[in-house]
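Dear colleague,

Please find below the structure that I am handing over to you, with its sequence. My notes on what was found in it follow directly after.

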Amino acid sequence: MKDVVFFLKQIHSYAGKILYLNLAAMILIGLLEGVAILLLIPMISISGIIDLNVDGIPFIGMFSFLKATPVSIGLPVVLSTFVLLVVSQNLLQRKISIRNSIIQQGFLRYIRVETYKKLIYSNWSFFVEKRKSDLINILTTVIGRASAGTQAVLQFMSSFITTIIQIVLAFLLAPTITIFVLLCGVVLMYFNRTFLKRSFVLGKRNINLSKSYIAGITDQMNGIKDIKSNTLEHSRLEWYETITKDMESEQVEHMKLRSTSQLYYKIASALFIAIFVYASINLFNAQVAQLMLIIVIFSRLWPRVAGIQASLEQIAAIIPSFKEVKALQNECMDSEELEINVNRKIEPISFQNEIECRNVFFRYNQNEPESTLKNINILIPSYKMTAFVGRSGSGKSTLIDLLMGLNQPEKGDVLVDGVPLSSENLLSLRRAISYVPQEPFLFNTTIRENLTLVEPDASDEQLWESLVFASAAEFVGKLPHGLDTIIGDRGIRLSGGERQRIVLARAILRKPSILVLDEATSALDTVSEERIQEAITRLKGKMTIVVIAHRLSTIRNADQVIVLDRGRVIQQGHFDQLSQEKGKTFSHLLRKQVELAP
Ligand SMILES: Nc1ncnc2c1ncn2[C@@H]1O[C@H](COP(=O)(O)OP(=O)(O)OP(=O)(O)O)[C@@H](O)[C@H]1O
């Protein structure tokens, strides 16, 4: 219930007064519908067209003027009133349906933007812990269900109020029948409450299935090369067939559940009407008017009772989606990195001397016995090139993430020109950094658009300049449409080395004061490696360069090399100096790479 209230509050803060206007209009529609049909009998009867013997039925007095009217006028008046009521009800209905759809679509967008805003401003550790496909699933499927669910709750509320009004009207017309109908409804709802529980369980199953589905297809599409080259198609297809079968049976089960519950109501309705009509005629000598009332009230009220049950089942099935979106929003708020202020312009930090790590410890998970980084004390001087090396898993990427303010130290400080990194200067530091990841990301569009992503106003001259710096101008110049060549999905029509150089050009275009380059491990051939080395040499002295080096040959010109092992700095100095330190990790790594070199 708390989750439902949470969403109602959200829709309230989005739509405000219009929501209440719509709710009121929805109630009015129900009322008009009720009045039109419930009053048809007394109106027809009083006009004297058919003698229904309606004495004693309420509201009759309101139509006594019809008694004085000849039948030839009375009937058209009665029927026109009926038509007028139905026409106004439907006109209002149309208007409200359009308004509801505007509110619903607007609310869907609102809740999407709100959730995405909270998500995108969450800190890095939040993303490290989360499965990306789960986030995609929430942002696509679950949010849509939650928004539709909010609408279902509003619909339920208005139909509940309308039902109450109709019950009051019916009660005034025929109290005994109304009480009987209601008692039957309550008894049936009581026995049908198990349908609500099962709807909730199915709703949960639906979320889990769509989570696994999105996770599976994301993994498979990302690993399609692995699948093809290792002939894993069959096993993957088997997985796909199984999960889609589960999804199919979940939907069918849901449908079965809904129709069984409605079937009970329909059968019960026929049984109750039969029993009541029989009892009325045989035990209470009921007149035609009373019998018609029984049928009219049953046919009006019973679907409403059944409708309430159907809405409750629908809401029960959607509650897990509410819970999921709410939990994500709360988690994001707990992991909020900085105060959300989208419009704030962030100036890059002006960094004169150095970035320092002082007595820094870091651990991913508080339950881990050992810290990932232990007592790190290093200086990254400005306008110099610093290279991090070490075996796989030694902590290079973790340390770089810490320097970029993505990870926060468990103990110790990261200082920029002596000022500790805090929420005040974190974004300015990141604004000064350009980062080239190991697996560079390119959009499936032109090279130009991939570059201008970071500098929308960059001229062609500036684009070529950055391509020259990244040693990419030559191969881009040879492409069929130059800068306007479209590169494939994630840039697969380019080689690994070419991709990394385009991303490097993009990084340079931003004119960063710090360039962080996570060197590709395997993608680079010797020629590409040389090109990257050329690029770094060209950039040296123009900005602070931090490289995670997997190939030691690329960092011969580094001003300092920092060697990491199991989360500790074990050596640091100039390349030549470290290569002289015999029997230590750096000379060992160097020897291994020389041995492996072709
Ligand atoms: N998200 C994470 N959660 C928990 N532990 C992690 C996480 N990321 C990395 N680690 C652990 O932290 C240690 C350092 O990893 P890191 O990625 O920093 O090493 P690396 O030197 O960059 O390795 P590589 O050269 O293979 O990229 C490893 O033991 C790794 O298992």
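I begin with the open sheet of four strands, which has the order β2-β1-β4-β5 and antiparallel pairing. Its edge strands are β2 (373–381) and β5 (419–420), each of which pairs on one side only. Strand β1 (residues 354–362) runs antiparallel to β2 and is joined to it by six bridges; E354 has P381 in β2 as its bridge partner. Helix α12 packs on this sheet and touches β1, β2 and β4 (411–416), its direction making about 60° with that of β2.

Some conventions apply throughout. This is a predicted model, in which local features need pLDDT of at least 70 and side-chain atom pairs count only at pLDDT 80 or more, while totals for chains, interfaces and linings use all residues. Residues are numbered from 1 along each chain as its sequence is written. Helices (H or I, at least four residues) and strands (E, at least two) are DSSP runs, numbered from the N terminus, and two strands pair if DSSP finds at least two bridges between them. Contact between two residues requires their C-beta atoms, placed from the backbone, to lie within 7 Å. Axes are lines fitted to C-alpha atoms, for helices over the stretch in contact, and angles run from 0 to 180 degrees between N-to-C directions.

The chain as a whole has 20 helices and ten strands. Of its 598 residues, 31% are buried (20 or more other C-beta atoms, placed from the backbone, within 10 Å of the residue's own). Among contacts with a separation of 6 or more, 77% are between residues 24 or more positions apart.

A further open sheet has six strands in the order β6-β7-β8-β3-β9-β10, with mixed pairing. Here β6 (433–436) and β10 (568–573) are the edge strands with a single partner each, so one side of each is left without a neighbour in the sheet. The twist from one strand to the next averages 15°. Strands β7 (residues 514–518) and β8 (residues 544–548) pair in the parallel sense over five bridges, and D518 stands opposite I548 in β8. Helix α12 packs on this sheet too, touching β3 (385–390), β7, β8 and β9 (560–565), with its direction at about 150° to that of β8. Helix α17 (residues 496–509) lies across β6 and β7 and runs at about 175° to β6.

Helix α12 (residues 396–403) also contributes three residues, the largest share, to the shell around the ligand. That shell consists of V128, Y364, N365, T372, G390, S392, G393, S394, G395, K396, S397 and T398, a residue being near the ligand if its C-beta atom, placed from the backbone, lies within 6 Å of it. By class, the shell has two nonpolar, nine polar and one charged; Ala, Val, Leu, Ile, Met, Phe, Trp, Tyr, Cys and Pro count as nonpolar, Asp, Glu, Lys and Arg as charged, and the others, Gly among them, as polar.

Finally, two helix pairs. The axes of α1 (residues 2–15) and α6 come within 10 Å and cross at roughly 90°, which makes α1 roughly perpendicular to α6 (65 to 115 degrees). V4, F7, L8 and I11 of α1 meet A146, T150 and V153 of α6. Helices α6 (residues 132–173) and α7 (residues 175–191) pack at an angle of about 140°, with axes 6 Å apart.

Yours sincerely

How values were computed
Parallel < 35°, antiparallel > 145°, perpendicular 65-115°, else oblique. Buried ≥ 20, exposed ≤ 12 C-beta atoms within 10 Å, placed from the backbone.
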